[in-house]
Amino acid sequence: MSESIIDDEAFERALGEATTLTGDHETGLFGPDSLMWRVGREAIVFVCAGRAALLQSAHPFVAAAIDQHSNVRNDPRSRFKSTFINVFDMVFGASEDAMSRARNVRAIHDHIHGSLPEEVGVFPKGTPYTAHDRHAVQWVHATLAESALKAFELFHGSLSPEDRERYWRDSLRFAALFGLEAHAMPTTWRDFDAWWHAELSGPRLGVTSEARAICDSLLLGKGSTRALPRWYISLTAGFLPPHLRDAYGLTFGPMDRRRAETALARFKTLYPAMPGKLKHVPTYHRALARINGKPAPDIV
């Protein structure tokens, strides 16, 4: 088995790493005192969800897998919604539930493989891909961790260097749920940040026609979905590195910039005044109820 592929043995080793130093079953893999919960509970992380989705799709393997093995062109939001459902269940779920969710995701990915329909970056046309490709999985994990922190810090201020390191240690445990062993990952936030910026400008990313179709469906409503609000499209465009934004065909001129700045200013005024039941994602509230032995809160 190629070292570039996360095989079953590597996946189980990584899950073993994820279960070390955990609390009790009900607390889950992280718990209320973790930075993973503190950042991940914030509903405002969805401000950067479009950015995370497009950064993920900038990896040719990810774009091909999404385009060829899902209904993303007709229903892009359901696909990305399912991603966040899996993420939240892993982060906030009881230990066994998080592990079960990880194995379910792994089983789905077992059937996702194919070949690239076009040349992009260092990858020739016809390059085989699999959802278990180590770099592709690492990239998806990185987009989730970095984008969540970016959104959090937009509204809560920068974490201290010590808290950033705590957040990254939590992120390593989260990465293990996808089969990424700690020794194959940057060990500190500083190392990760250097890796992240190198990858953004590196040869393994590139916006393919499949990635542009995902962007068009997700943001612009081409296909069977409605376009997202213009302010959200402008925010997403502004959050992307310029070379990827241009490759996706998104604009960020003066009007887009004003629209994004106005939206952020309004959020920064309104968000702090919102009650916790609205500011924090439902999975977080259910997790607190579980830990405290209380009934799960109603859907409203």
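Trp 139, Tyr 167, Trp 168, Trp 189, Phe 192, Trp 195 and Trp 196 are joined into a cluster by ring pairs, where rings of Phe, Tyr and Trp (its six-membered ring) pair if their centres lie within 6.5 Å. This is a predicted model, in which local features need pLDDT of at least 70 and side-chain atom pairs count only at pLDDT 80 or more, while totals for chains, interfaces and linings use all residues. Residues are numbered from 1 along each chain as its sequence is written, and side-chain values use heavy atoms, with hydrogens and water left out.

**Aromatic pairs**

Across the whole structure, a search finds 22 aromatic pairs. Two of them are set out in the table, with planes under 30 degrees apart counted as stacked, over 60 as edge-to-face and the rest as tilted.

| Pair | Centre to centre | Angle between planes | Class |
|---|---|---|---|
| Phe 61 and Tyr 129 | 6.3 Å | 35 degrees | tilted |
| Trp 231 and Tyr 232 | 5.7 Å | 75 degrees | edge-to-face |

The pair of Phe 61, in helix 4 (residues 60–69), and Tyr 129, in strand 2 (residues 128–130), links distant parts of the chain, the two residues being 68 residues apart; helices (H or I, at least four residues) and strands (E, at least two) are DSSP runs, numbered from the N terminus. Phe 61 and Tyr 129 are both buried, a term that means under 20% relative accessible area, with exposed being over 50% and partly exposed in between (1.4 Å probe, protein chains only). In the other pair, Trp 231 counts as partly exposed because its relative accessibility is 31%, whereas Tyr 232, with a relative accessible area of 12%, is buried.

**Helix 3 against helix 7**

The axes of helix 3 (residues 49–57) and helix 7 (residues 134–156) come within 9 Å and cross at roughly 155 degrees; axes are lines fitted to C-alpha atoms, for helices over the stretch in contact, and angles run from 0 to 180 degrees between N-to-C directions. The two helices are therefore roughly antiparallel to each other, the description for angles over 145 degrees. On the helix 3 side, the contact (heavy atoms within 4.5 Å) is made by Arg 51, Ala 52, Leu 55 and Gln 56, and on the helix 7 side by residues including Trp 139, Val 140 and Lys 150.

**Helix 10**

Helix 10 (residues 209–218) is largely enclosed by the rest of the structure, because 8 of its 10 residues are buried. Among these buried residues are Glu 210, Asp 216 and Cys 215, and the buried residues of helix 10 pack against helix 3, helix 4, helix 5 (76–92) and helix 12 (242–248).

Conventions
Angles under 35 degrees count as roughly parallel, over 145 as roughly antiparallel, 65 to 115 as roughly perpendicular and the rest as oblique.
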